Amino acid sequence: MASVQEGLFGVTSQEKVLFFNSRFGAYFIHQSLLNKTDLSLSDVFRKPQLYEAFRRVLETKDTQKITVKLNTLIDSQARHFMISLTPLRRAKDQEVYGVIGVFHDITDIKLAEKIRIDFVENASHELRTPLTSVKGYLDTAQEDIKNGQYQQAGQFLDIVSRNVTRLIELVNDLLSLSTLDSNAELKLEMMEPLVISNQVVSELAPMAAAKNQAIRIVGQVPPFLADTSKVDQVLRNLVSNAIKYGPEGKMIQVRWETGGPRTVLLKVIDEGPGIPEEHHSRLFERFYRVDRGRSRDIGGTGLGLAIVKHIMEIHGGEVRVKSQPGQGSEFVCQFPVKNG
Ligand code: ADP
């Protein structure tokens with residue numbers, strides 16, 4: 001019983017505790033109760049739901065399953081348990097003399113479920129906004145054309161086109177995340193950091209030129225094992241953020257450095273507005289934005305940094321941000337370099 005991952009305990013029909021395993025003890029038995037000789041159910045639990053289920057087991061002589069939130073000695077927040085209560089029977093005559101409870105801690109499962117529900121809710125909301133706009137402008141343009149009014153149709157179609165581009169970007173980012181979630185395999189090859197940086201920067205150059213920004217690639221590190229297409233995505237997301245959030249005429253740096261004997265650092269540094277400290281810990285969450293309205297206006301999906309974080313983690317590395325309002329931002333990606 002000691003090696004079972006679930007909490008186990010047995011209690012008689014008169015509510016006297018017969019036994020419990022170490023996991024159950026760690027969850028529910030306070031130090032002060034450990035030496036008590038006749039421990040009863042009420043010394044351990046006060047939850048009415050648990051008592052009801054306990055009585056139902058004795059009445060029906062059948063297993064009961066319940067899901068409840070209970071306070072534990074492990075941490076300060078209540079944890080979710082799936083509890084299975086089964087009659088304890090005497091070997092000789094099968095008479096029920098108590099109940100055995102198996103306490104399965106499902107807090108992590110519940111948390112994952114909540115993250116999934118929130119994600120679907122957020123994604124639906126993000127998709128609905130441009131779709132509503134597309135529908136509205138198409139309906140108006142249709143009506144105008146029916147009435148022989150063509151002056152504004154071009155302008156309306158521009159708005160529709162912008163929103164459709166936004167939808168495509170959103171769906172592409174959602175697909176990237178879903179591919180990373182379901183198949184986190186890396187195609188490792190000897191990657192040339194400067195070659196890949198040049199490619200990404202030249203593709204994003206027109207976007208930077210439109211804001212009169214310059215992008216410089218600096219530093220020198222030897223080729224190392226990484227998934228080129230995924231590092232391309234990391235660079236693309238970080239550099240396009242630096243362009244999007246940076247003001248006109250400023251400089252953006254893509255810097256490669258050796259961070260230690262087995263570490264390569266990629267830094268994307270901008271001279272933009274910076275990010276207040278209180279947002280740093282949440283910045284890499286899906287759909288988290290510092291300024292929701294501004295990010296949407298400039299075409300952000302809210303998923304770019306979540307994708308960067310995911311890619312860095314499957315490389316065995318990490319991404320951090322160093323930034324303060326008015327002082328620009330520096331995103332640092334740390335790649336571990338494997339032997340050989
Ligand atoms: P988005 O698509 O909104 O840019 P990201 O996940 O890429 O989503 O970024 C999350 C948020 O982090 C952005 O909405 C923005 O508020 C902030 N952010 C990201 N990069 C920068 C940057 N270089 N400078 C200032 N703020 C940034």
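## Overall shape

A compact globule of 340 residues would have a radius of gyration near 20 Å, whereas this protein chain comes out at 29 Å. That radius is taken over C-alpha atoms, and the globule rule is 2.2 Å times the number of residues to the power 0.38. Boxed along the principal axes, the C-alpha atoms of the protein chain fill roughly 85 × 70 × 35 Å.

Keep in mind that this is a predicted model: local features need pLDDT of at least 70, side-chain atom pairs count only at pLDDT 80 or more, and totals for chains, interfaces and linings use all residues. Numbering starts from 1 along each chain as its sequence is written, and side-chain values use heavy atoms, with hydrogens and water left out.

## Domains and fold

The protein chain splits into domain 1 (7-105), domain 2 (112-183) and domain 3 (186-340), with bounds from an automatic or database domain assignment. Between the C-alpha centres of domain 1 and domain 3 there are 52 Å.

You'll find nine helices and 12 strands in the protein chain; these are DSSP runs (helices H or I, at least four residues; strands E, at least two), numbered from the N terminus. Of the contacts with a separation of 6 or more, 62% link residues 24 or more positions apart. Contact here means heavy atoms within 4.5 Å.

## Surface and charge

Buried residues make up 41% of the 340. The cut-offs are under 20% relative accessible area for buried, over 50% for exposed, and partly exposed in between (1.4 Å probe, protein chains only).

As for charge, the protein chain has 42 positive and 41 negative charges, and their mean positions are 4 Å apart. Lys and Arg count as positive, Asp and Glu as negative, while His and the chain ends are not counted. Each charge is placed at NZ of Lys, CZ of Arg, CG of Asp or CD of Glu.

## Residues to look at

Lysine 61 isn't a glycine, yet it has a positive phi of about 55°. It sits in the loop between α3 (48-60) and β3 (64-70) and is partly exposed, at 42% relative accessible area. Phenylalanine 287, also not a glycine, has a positive phi of about 70°. Its loop runs between β10 (263-270) and α8 (292-297), and phenylalanine 287 is buried at 3% relative accessibility.

Aspartate 232 belongs to helix α7 (residues 228-245) and counts as buried, at 15% relative accessibility. Setting aside neighbours within four places in sequence, aspartate 232 touches Ile196 and Val200.
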